[in-house]
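Biologist: Please show me the model, and then we can go through it by question and answer.

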Amino acid sequence: MMARRPTPRASAPGGRVTADRRRIAAGALIGIATAGVLTAVLLPFRPDLSVATCGLVLVVPVALAAAVGGIVAGLVGVVAGFAAYDVAFIPPYGTLVVGAAQNWVVLAVFVAVLLVVTRVVDRLQVARAETARHEESTRRLFELSDVLIADKPLGELLGLVVATVRLAFGFRGVCVLLPTERGLAVGASAGEPFDEGELSAARPHAGSPASLELRTGTSASVLTVPLTAATGPVGALLAKGERLRPAERALLRTYANQAALALERARLREQALRSELLEQADRWKDALLSAVSHDLRTPLATVKAAVSELRAGEVHLGDAGADELLALIETQSDRLARLVTNLLDLTRLSAGALELHREVVSVDELVADALVSLAGTEVAERVDLLVEDGLAAVEADPVLIRQVLVNLLENAGLHAEGGGRIEVSARRAGATVEVRVTDDGPGVAEGEREQVFLLFKRAGNAGRAGIGLAIVKAFVEAHGERVWLEEGTAAGACFGFSLAAHDDPPGAAPGDATVVG
Amino acid sequence: MARILVVDDDAALQKALSIALTARGHEVTGARRGEQGVVEVALRQPDVVVLDLGLPDLPGIEVCRRIRAFSEVPVVVLSAAGDERAKVEALDGGADDYVTKPFGMAELEARLRVALRHRRPAGDGPSTVLAVGPLTVDLVHHEATCGDRPLELTGREFDLLAFLARHAGKVCTHQMILSEVWGPGYQEEAHYLRVYAHRLRRKLGPAGGQLRTHPGIGYQLTGE
């Protein structure tokens with residue numbers, strides 16, 4: 001029978017000494033009890049048994065005691081076995097006196113055997129425990145590294161490192177110090193927080209050059225392990241709690257190295273991500289600039305040409321011609337104004353400050369409103385409105401949706417073949433009302449449909465992209481609805497978007513403001 | 001009075017140009033798409049084409065190439081400022097001149113005038129004596145005069161002047177000039193050109209202004 005030695009980690013941190021004591025006491029008790037029981041069992045047969053046989057039987061309690069409690073318990077077992085043997089089985093019985101010289105020899109051999117057994121059993125136990133501890137270390141290191149392998153953001157990774165270290169080594173508190181602009185600062189911590197005094201132990205001292213080249217050391221109660229990776233130190237790990245065994249300390253150092261590598265990797269990844277984001281923002285800015293410059297320059301070209309013509313006195317335009325040029329200047333100035341509005345909206349969108357004011361409105365009203373904005377332009381005269389009979393009202397921000405319609409109509413006007421009709425239709429579809437703007441222009445090639453809403457330069461022959469459609473998409477999506485470019489339309493392009501239908505009887509008052517982040 | 005074809009997708013600009021150019025006595029037709037523009041050139045044979053580079057269906061340069069495939073009609077390109085590469089591509093592709101948006105009508109008209117003046121008369125064999133304003137270039141005798149004053153030019157300077165005179169009124173890109181005058185392999189050596197243009201201008205004296213520099217694009221020899 002072998003008692004399983006409890007692993008140190010199974011007990012609460014700091015309970016290692018108590019556990020050892022308990023184990024020794026248990027071994028000693030088992031030794032004494034077994035010696036007592038065996039003596040009681042053998043006593044009736046004493047006359048029939050030789051002195052040596054009884055001695056052999058009494059080796060058992062010693063072996064048990066040593067197996068359970070180690071050498072100390074084994075020695076207690078030796079004393080118990082010796083006493084029981086001498087008193088109960090070596091004549092004269094009942095005393096510690098040893099009678100015959102032959103019995104002296106038996107007793108001496110008995111004690112020698114007991115001592116050897118104790119020693120051997122204890123050795124075995126120690127070796128087994130050592131192996132178990134080794135296995136445990138390997139397992140723990142494996143588990144810890146497992147945590148580090150996963151590709152996680154820096155913050156999450158730091159949290160994991162401190163939590164696993166605290167659990168695995170039974171520390172009261174663990175934290176990671178990271179270099180910042182103002183020196184070392186706590187990046188993450190688990191368990192008991194560290195006070196300033198404990199932290200300052202790890203920080204470089206005032207007046208000495210700041211460096212992260214810390215040495216593994218123990219000051220008072222805090223253990224400091226440097227986290228060093230390939231590119232140099234990345235931080236320091238601070239822990240407080242029970243003093244570690246040398247093997248555990250080595251394990252912690254190994255783990256710290258792995259953690260350092262993982263932290264470095266996470267940091268590099270974050271850097272890469274940041275530079276990628278910057279690059280993207282740069283590209284976005286380029287695209288925006290190019291779109292803005294194209295969209296602004298187009299109406300400006302007409303205004304400039306018309307104005308320069310009006311000012312050149314030598315040409316005979318006639319009243320009609322001059323009037324037409326003036327009208328052009330007016331419509332193009334309005335177009336410029338709408339573009340500037342779009343730009344401002346775009347800025348508000350990217351600043352995340354767009355507020356949605358939902359109201360219950362009819363599609364007719366929205367379209368009429370949009371046509372007012374386009375009054376005087378060629379587009380306004382070409383719109384046909386087709387609204388289903390008894391169509392429900394919609395819940396939408398009228399200002400934003402007007403802008404959506406204006407942009408879609410303007411886009412249709414730009415691309416429809418000279419003077420073609422533009423159709424605006426609305427019909428019920430489930431819980432939404434779908435609005436479509438169809439032109440009879442050349443349409444958009446299949447492969448370019450997805451890019452139409454992007455804020456990109458008019459690439460090659462795409463020609464539809466620009467600020468206007470980007471705004472359409474952003475505004476419709478701010479309502480939680482969708483916008484699309486219909487596929488398979490025979491003639492021209494058909495842009496559609498959905499709006500929430502409003503079915504409740506009048507009286508319910510929505511109009512609540514929602515902030516869109 | 002000339003027949004002008006305006007290829008631009010923007011209805012407003014189309015209309016403004018039409019009013020202004022008509023008032024100046026020209027006959028204006030319009031096209032909103034590149035393909036339509038090419039067809040119009042073939043059908044109506046205009047005297048000059050005003051072509052926007054940012055058309056929705058075809059890149060302007062492609063329109064230019066398609067026109068050049070069958071017609072020598074002068075093409076004046078409209079383009080956005082800062083889009084130097086598009087201009088150079090269009091000029092290399094056969095355009096004669098460019099105007100940057102936004103532009104004044106007087107400027108556009110002046111460019112159209114230059115383009116119209118240097119329109120190659122159909123049927124004539126290549127002339128051996130070129131006249132560009134007060135400047136004459138005798139290709140056979142390798143002699144150039146400015147007014148009555150003979151110009152003393154080195155071989156390369158003469159070649160450069162002769163090339164520009166042959167394409168008078170047209171903006172010639174650096175690449176065009178270098179590969180024609182210096183030969184293939186010199187296309188990237190724009191600084192040669194700067195040096196020679198400078199010398200040429202000095203030797204032309206008061207007529208030096210006829211040699212116009214288009215920064216980042218090329219040179220143009222005009223009659224004015």
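Modeller: A polar contact is a pair of N or O atoms within 3.5 Å; within protein, one must be able to donate a hydrogen and the other to accept it, and residues adjacent in sequence count only if both atoms are side-chain atoms. This is a predicted model, in which local features need pLDDT of at least 70 and side-chain atom pairs pLDDT 80 or more, while totals for chains, interfaces and linings use all residues. Residues are numbered from 1 along each chain as its sequence is written, chains are lettered from A in the order in which they are written, and side-chain values use heavy atoms, without hydrogens and water.

Biologist: How many residue pairs are in polar contact across the interface of chain B and chain A?

Modeller: The rule takes pairs with both residues at pLDDT 80 or more. Across this interface, the number of such pairs is four.

Biologist: Which residue of chain A forms a salt bridge with B:Arg24?

Modeller: A salt bridge is a side-chain nitrogen of Lys or Arg within 4 Å of a carboxyl oxygen of Asp or Glu. The count between chain B and chain A is two. For B:Arg24, the closest N and O atoms are 2.6 Å apart, and the partner is A:Glu309.

Biologist: Which residue is the bridge partner of B:Val6 in β3(B)?

Modeller: Strands (E, at least two residues) are DSSP runs, numbered from the N terminus, and two strands pair if DSSP finds at least two bridges between them. Strands β1 (residues 3-7) and β3 (residues 48-52) of chain B pair in the parallel sense over four bridges. The partner of B:Val6 is B:Val50.
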